[in-house]
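I opened the file today and went through it piece by piece. My notes follow in the order I looked things up.

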Amino acid sequence: MQKVILYIQPQLRNTTTTQDFVRVDLMEEELISLTQVIQDVSDIDKLFTDYSRTFNLPASKTNNKIFKHWYNPDIEGFDANVFCESRIELNHLHFRFGKIQLNEVVMKFGEPSMYKVTFFGNTVAFKDKINEDQLSDLVWLNNFNHDADADYVRIALEYGKDFTIDSVAYNDAIIYPLIAHSQSYIYDDTGNTNNGLNISTQSTHHQQRGVVPEDLKPAIPVKNIIKAIEEQYNITFKTSEFLDSAAMTNLYLWLHRAKGRITGDLLTELSNTTFNCTSSTSNCNHYNGVLYPSVQFSNGDYIFTQAYTNGYEEGFKFTATITPASSTIPYSIEIVDSLTDTIVASANNLLGTQSHSIGYGKLQTNTLSLNESKRLFARVRSVDPLTFSAALSIEHSYFDLALGRYDYSLTANYTSSSSSIVTSATIIITEQIPELSIKDFLNGLFRAFNLTAYVDFNDQIVVKTLDSYYAAGDTFNITEFVKTDEHTVGEALPFSNVDLEYSEPKSILAQTFRSMNNRRYGELNYIGDASKKNEYKITLPFEHMLYERLQDKTSNALTLIQTGSFLDDDLNPSIGQPLLFYGIQRSSIYASAINFLDSTRPETYGALCPNGTNYTLNNYWMPHNANELGTSTTAPTYNLNFGSEIDSYQLTDYGGNNNSLFQTYYENYIVRVFNKKTRIFKFNAILPLKVLLNLTLDDLIIVGTRAYTINKMSTKLQSGETNFELLNEPAALATSSSSSDSTSGSSGSDSGG
């Protein structure tokens, strides 16, 4: 019998100091059973983790202190909605890290007598953290905010825009791909020169037609969304795994939150403005971090990291003063905490050429004003362009706790170096990102690429494809520990077919495809050789577009330009689910040039635009459902279609071998479980400690002359009694591996996935 030891880290109550793990008391007669599953053949689209059946803990003095007063709703004590960090040891050797959830308290004579709890593996902690938060809650993404003027859109369409954040370079962090939200482009090098949607570079009317800035919307790399999730929730996805792979390199999310053109106020963030200090040198130095590193000022950013210093309580006030040039344009002033993307002070519907000010913080009071880190900046909003000058003021007072009086205060004043700051169209990423929960976004990614995740010993989340997960396992021969006198054999999959698809399409070409083919574009329906009629369906929470390679309207020759049109079948702007696509940057060597026009688009469909400045673009970002263009004979390496479709650019299906999502990430697993020779074998075993501590779900199991992968295993930790659900491997592999040592692993690179 193994000795099970359970440690729980108490919740923080009335303290910010991390608590030490406490060894809890267990019921002596209670056997704790732990179930482990990474992907269950009967529920293939869900992420699983270690979990235990509910077990009991005695209401001992130690345990009562951890679960303090939860049974009494009138006392603020233990919070059962928050899982506790925990770990399990077997004979004082590490077995699992995870979380403990309190489910129920058994009361006797008004006092707790027993606690019912459940243990979960660490991946559940991440799901608990993100809860129902939305992509728009990922404030780190606002590092990529930008002014959407014509020059910016043109350059982002041509080359993409790079950013540097905390000394880390993010290349092509913003692109404006050739996906039109309200129109459908044409290309005609000799005719249709009076059509405003003709994007050819032919000189007739080329200053009144082409791609105009308002036609396009930005896109951000999915990798940067993953980074924002890490920053938001203080987690780490392990590097060099799938989320860093080539399949993710140029995968983008289109910032299409509402129908039609991007809307919103004109806005200027003063953190992007240069300010000059007009106060004394010492006061200015104070806020440049020279004298007191806890408070800093850099251009329009005020950074505060401390509210108590050497027996003093501190008061701070940050004030923004705006002086507009116009008396007729209404505007608003906001002070924003960029760490939480929260407006902490605002003044709205201001008017006139006189100065208006707002402030945030407390001054000359015997209370802490800012008792946590904040990074403040001011911004100005207006409906029409507004020209203004700005002034910022930072005041700082010290209250001597020992003497009970204010010791001193100081002020630093700053004025903008320009008196002609103008509000402009600023893209705030969190205001433009599609409405989707973080949980659904990640689930969609995991289901698209058939990924699995677990937490390693370094508390990093490891994300792998299912194939690579199984390929990394070892081989264990456990024949001597298995009760071979009795086992059961059952069917592997209770379904006749698996349907993999995207959400209902809302863009015109994808809708047309569905009408003509009676299925969604990119869908795959894998039908097994079975008489049962149960279907297992996976529907991604993403839009899937069919892109168009333009033809010259006069010559009918194919151009090298591919575009997308987010119109419905009535040619009106449409909105669907969030769109993932691969961004392909076309260069002048391979691309047909397009005409970009610094102008505005008339409401009349296809009408010529007002005269503007035109640019010939030999480079531009193009949308695609594959990560590269490939050739007429070689398919791109990665493809967002589940099934085999005709490639929209090369116009071939590659004989079905097009590296689709199914072919690359699902086929090995699905074909195997649908194989008429595949069964689920259920064995009972008594595993010694040396096996329990080393066996993981990616390992290959040998029983007798057969090899198996683990579908699910449940273990009574004290006794080592384990119930296995195993999927049989090909017979040849089992025979060649049957002599493997039962207690030390060997490579399992041939395991199926």
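In which strand is the place of Pro324? I found Pro324 in strand E20, residues 312–324. Helices (H or I, at least four residues) and strands (E, at least two) are DSSP runs, numbered from the N terminus.

Before going on, I noted that this is a predicted model, in which local features need pLDDT of at least 70 and side-chain atom pairs count only at pLDDT 80 or more, while totals for chains, interfaces and linings use all residues. Residues are numbered from 1 along each chain as its sequence is written, and side-chain values use heavy atoms, with hydrogens and water left out.

**Entry: Pro324.** I looked up its accessibility: Pro324 has a relative accessible area of 4% and is therefore buried. Buried means under 20% relative accessible area, exposed over 50%, and partly exposed in between (1.4 Å probe, protein chains only). Not counting residues up to four places away in sequence, Pro324 touches Tyr331, Gly352, Thr353, Gln354, Leu386, Thr387 and Phe388; contact means heavy atoms within 4.5 Å. I also checked Val422, which is 98 residues from Pro324 along the chain; their C-alpha atoms are separated by 9.6 Å.

**Entry: Gln11.** I located Gln11 in the loop between strand E1 (4–8) and strand E2 (22–23). Why does Gln11 count as buried? Its relative accessibility is 14%, so Gln11 counts as buried. A polar atom of the Gln11 side chain lies 2.7 Å from the backbone oxygen of Asp79. Asp79 is also among the residues that Gln11 touches, including Gln19, Phe78, Val82 and Cys84, with residues up to four places away in sequence left out.

**Entry: a sheet of 4 strands.** I traced an open sheet in the order E13-E14-E38-E41, with antiparallel pairing. Strand E13 (219–221) and strand E41 (620–624) stand at the edges with a single partner strand each, so one side of each has no neighbour in the sheet. On average, neighbouring strands of this sheet are turned by 45° against each other, direction ignored. Two strands pair if DSSP finds at least two bridges between them; strand E38 (residues 580–586) and E41 pair over 5 bridges. I picked out Arg586, whose bridge partner in E41 is Tyr620.

**Entry: helix H4.** I counted 12 residues in helix H4 (residues 222–233). Its buried residues are Val222, Asn224, Ile225, Ile226, Ala228, Ile229, Glu230 and Tyr233. After H4 comes Asn234, where I read a positive phi, near 55°.

Terms used: Expected span 1.5 Å × (residues − 1). Polar contact = N/O pair within 3.5 Å; in protein donor to acceptor, adjacent residues only side chain to side chain. Axes fitted to C-alpha atoms, helices over the stretch in contact; angles between N-to-C directions.
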